[in-house]
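Here is a friendly briefing to read with the model open beside you.

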Amino acid sequence: MISKKVPLDKIKESEKWLTSKYGTRFFEESVPKYEMAESGMPANAAYQLIHDELNLDGNPDLNLATFVTTWMEPEANQLIMENVHKNFIDHDEYQQTAMIEKRVVNMLARLFRVPEENSFIGVSTIGSSEAILLSLLAHKWMWRERRKAEGKSFDRPNIIFGADVHVVWEKFAKYFDVEARVVPMDSRKFILNIDEMSKMIDENTICVGAVLGTTFTGQCDPIKEINDLLLHIKKDKGWDIPIHVDGASGGFIAPFVYPDLEWDFRLEQVRSINVSGHKYGLVYPGIGWVIFKDEKYLPSDLIFNVNYLGGEMPTFTLNFSKNSDMVLAQYYNLLRLGKEGYKKIMRNILDNATYLSKRFVETGIFEELNSKMFLPVLALRLKEPVDFDVYKLSEKLRERGWIVPAYTLPPNAENVAVLRIVVKENFSRDMAEMFFNDVMNACKALGETKVKKAGVKTEKEHPIC
Ligand SMILES: Cc1ncc(COP(=O)(O)O)c(C=O)c1O
């Protein structure tokens, strides 16, 4: 027989401890969802209710859709918790944190091969999106000032980028009233088509965008060729058009594993670069960085000076308050890992991605679009004919907890549907093998017969020793 419940406030003080939090009324009542309750609840009940609800979220470690870091070392976690209550923007109060931001900017500028004689400048942002918006604004301002000085019209700026860019590039064009000239994807290479791009450039082009590792397939735009083209145009027509490199993912990979690849400030027209600290910078969200090759490329007009936090403080950001923790966590990784440490991690990630890609291709069921494996990203398309599509496969994999997006590529490759797998630091070879087996099992369950024909043995079919 279930005895009648006595409300918590009526229970004698000495008896309150005879049950756990789950024995209290807060676990047999609906929680306030859309309107605040008159009174609150004990801290442990509020914590447990939210904690339990979040079990319905996907598992971040099985989230192969995201580029964003899902694991950091315990010491980094400790540093983050120790600083989570510091508002980064209060430079006057947290001067050492501000100093550390400058150190990271210095390290990144040098990693991106800024000429030593340059007075480079940079800032931390909430991610690559804010970093890209800021740098493109600077290029718009520079272009406008130049046009004004030359007595020319400055009412029709345009920006050129490939259809392979992240949505933030289109946001910039819309939010800041700049015509977006989008170069259709090369339908065989799935990156920006330079011949098409060259036809779009004119004297009102504020900037050309190039991606160091695209969101769609992980491949790299032809940055050196774009630079060569712009140098030719500069010589021929006198238009000095800057390149902004979107190194959201590639900015922490290329310097370590492709040191000879020219994509950075070594190229004359590359004037600004963004990178996401929270992607292959190996820091949790949200931290990004933007670096200008020289302070002359950042119009002083865009820097505001505020004095309400203590001393005189220059600010060049779209938002104001944010945590200090991820700036510090970025510095932690740079100190802790050094170039050698980053290199080893990036090599492991790329090796695991290459291994996985090879296994998928060997089955005869999949084709790899990112075969050169620039970013550790698999963009797999199904070979015809198949009994299912990538969307069904993605759905089926969710049953095992894997989060793998399926989508179509942008124009001119909109008929290509891919399954994208982003390989990250905490995706070991062991995890890769388990993932492969789960994909094979899913293919089989969806009716694919090639799994057997290709001689692929899933773990379940191996004899137990
Ligand atoms: C190439 C590229 N640029 C920009 C972004 C936006 O980055 P963030 O999420 O750091 O704002 C992404 C995100 O995936 C990206 O892949």
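What share of the contacts in the protein chain with a separation of 6 or more comes from residues 24 or more positions apart? The share is 70%, where a contact means heavy atoms within 4.5 Å. This is a predicted model, in which local features need pLDDT of at least 70 and side-chain atom pairs count only at pLDDT 80 or more, while totals for chains, interfaces and linings use all residues. Residues are numbered from 1 along each chain as its sequence is written, and side-chain values use heavy atoms, with hydrogens and water left out.

**Overall picture**

- The protein chain has 12 helices and 13 strands; these are DSSP runs numbered from the N terminus, with helices being H or I of at least four residues and strands being E of at least two.
- The C-alpha trace spans about 90 × 70 × 40 Å along its principal axes.
- Of the 465 residues, 50% count as buried. Buried means under 20% relative accessible area, exposed means over 50%, and partly exposed is in between, using a 1.4 Å probe and protein chains only.

- Four strands form an open sheet in the order β10-β11-β13-β12, with antiparallel pairing; two strands pair if DSSP finds at least two bridges between them.
- From one strand to the next, the twist averages 40 degrees. Axes here are lines fitted to C-alpha atoms, for helices over the stretch in contact, and angles run from 0 to 180 degrees between N-to-C directions.
- β10 and β11 (residues 377-382) run antiparallel and are joined by three bridges, with E367 opposite R381 in β11.
- Helix α9 (residues 325-362) lies across β10, β11 and β13 (417-422), at about 10 degrees to β11.
- Helix α10 (residues 390-398) also packs on the sheet, touching β10, β11, β12 and β13, and its direction makes about 35 degrees with that of β13.

**Covered strands**

- In β2 (residues 158-162), five of five residues are buried. Both faces are covered, with N158, I160 and G162 on one side and I159 and F161 on the other.
- β2 pairs with β3 (residues 179-183) in the parallel sense over five bridges, and N158 stands opposite E179 in β3.
- In β6 (residues 270-276), seven of seven residues are buried.

**Aromatic rings and charges**

- The structure holds 15 aromatic pairs. Rings of Phe, Tyr and Trp (its six-membered ring) pair if their centres lie within 6.5 Å; planes under 30 degrees apart count as stacked, over 60 as edge-to-face and the rest as tilted.
- W402 and F427 are an edge-to-face pair, because their ring centres are 6.2 Å apart and their planes are at 80 degrees.
- This pair links distant parts of the chain, 25 residues apart: W402 is in the loop between α10 and β12, and F427 is in the loop between β13 and α11 (429-445).
- W402 is buried at 4% relative accessibility, and F427 is buried at 3%.
- One aromatic cluster is formed by F360, F366, W402, F427, F435 and F436.
- The charged end of K148 sits over the ring of F154, 5.4 Å from its centre, and that of K322 sits over the ring of F88, 5.0 Å from its centre. The criterion is NZ of Lys or CZ of Arg within 6 Å of the ring centre and within 35 degrees of the ring normal.

**Backbone details to check**

- Most residues other than glycine have a negative phi, and most peptide bonds are trans.
- The peptide bond from P285 to G286 is cis, with omega near 0 degrees, and G286 is found in the loop between β6 and β7.
- L282 lies in the loop between β6 and β7, has phi near 70 degrees, and is buried at a relative accessible area of 4%.
- D177, in the loop between α5 (167-175) and β3, has phi near 55 degrees and is exposed at 64%.
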